[in-house]
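Let us walk through this structure step by step. Keep the sequence and the 3D view side by side as you read.

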Amino acid sequence: MQDEVIAVYEKENEIKKIAEKLTKYSLADLIKTEHFEYSILEKGTDINLLKDKFNEFEKIKIVVKREHKTSSKITYDFYYELDNETYLLYTIALDKQKPALINAFHVDRNFKRFKKWLINAYKNQLIG
């Protein structure tokens with residue numbers, strides 16, 4: 001196993017505490033990793049959609065905290081629910097002075113069903 005889910009946050013107040021660390025940044029301000037750049041090309045992700053929605057923090061409905069076993073680094077997956085019931089995922093490392101964007105993409109699946117599955121799958125890691 002290369003990474004482990006160590007916490008799942010679904011309560012609005014918990015999500016706000018974590019997202020607060022991003023409020024002074026735009027997507028352009030974040031450090032972009034090579035993996036992010038590769039993923040954008042591989043998945044054909046609309047970078048403008050990612051830029052436009054990034055600061056809509058009220059759309060974040062779940063945050064998943066992960067520990068990567070190979071590097072011991074902690075990252076956060078921010079799940080933004082869109083109006084069309086699909087979602088965006090931004091994976092960000094918050095341990096640096098400026099956050100690093102590891103990955104981001106649009107998922108063309110129903111967010112509410114995914115959220116239900118995620119909470120059930122990781123109920124032991126659920127915070128709040």
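Start with helix 3, whose buried residues pack against helix 2 (34–43), strand 4, strand 5 and strand 6 (100–107). The model is predicted. Which residues of helix 3 are buried? They are Leu50, Lys53 and Phe54. These residues cover an arc of only 105° around the axis, so they sit on the same side of helix 3.

Now look at the N-terminal end of helix 3. Asp46 caps this end. One of its side-chain oxygens lies 3.0 Å from the backbone nitrogen of Asn48.

Next, turn to the rings. A pair of aromatic rings is described by the distance of the centres and the angle of the planes. The structure holds 10 aromatic pairs. Take Phe54 and Phe57. Their ring centres are 5.7 Å apart and their planes stand at 75°. Why is this pair edge-to-face? Planes over 60 degrees apart count as edge-to-face, so the 75° between Phe54 and Phe57 makes the pair edge-to-face. Both Phe54 and Phe57 are buried.

Phe54 also pairs with Tyr90. Here the centres are 5.4 Å apart and the planes are at 70°, so the pair of Phe54 and Tyr90 is edge-to-face too. This pair links distant parts of the chain. Phe54 is in helix 3 (residues 47–54), Tyr90 is in strand 5, and 36 residues separate them. Both Phe54 and Tyr90 are buried.

Other rings form a cluster. Ring pairs link Tyr79, Tyr87, Phe111, Phe114, Trp117 and Tyr122. Lys43 lies over the face of Phe105, at 4.8 Å from the ring centre.

Go back to strand 5, which covers residues 87–93. Thr91 is found in this strand. Is Thr91 buried or exposed? Its relative accessible area is 10%. Buried means under 20%, so Thr91 is buried. What does Thr91 contact, leaving aside its neighbours within four places in sequence? Thr91 is in contact with Thr75, Tyr76, Asp77, Ala100, Leu101, Ile102 and Asn103.

Finish in the loop between strand 4 (73–81) and strand 5, where Glu85 is found. Glu85 has a positive phi of about 75°, although it is not a glycine. With a relative accessible area of 44%, Glu85 is partly exposed.

Methods
Residues are numbered from 1 along each chain as its sequence is written. This is a predicted model: local features need pLDDT of at least 70, side-chain atom pairs count only at pLDDT 80 or more; totals for chains, interfaces and linings use all residues. Side-chain values use heavy atoms; hydrogens and water are left out. Helices (H or I, at least four residues) and strands (E, at least two) are DSSP runs, numbered from the N terminus. Buried means under 20% relative accessible area, exposed over 50%, partly exposed in between (1.4 Å probe, protein chains only). Contact means heavy atoms within 4.5 Å. Rings of Phe, Tyr and Trp (its six-membered ring) pair if their centres lie within 6.5 Å; planes under 30 degrees apart count as stacked, over 60 as edge-to-face and the rest as tilted. A charge sits over a ring if NZ of Lys or CZ of Arg is within 6 Å of the ring centre and within 35 degrees of the ring normal. The arc is that of the directions from the helix axis to the C-beta atoms. A polar contact is a pair of N or O atoms within 3.5 Å; within protein, one must be able to donate a hydrogen and the other to accept it, and residues adjacent in sequence count only if both atoms are side-chain atoms.
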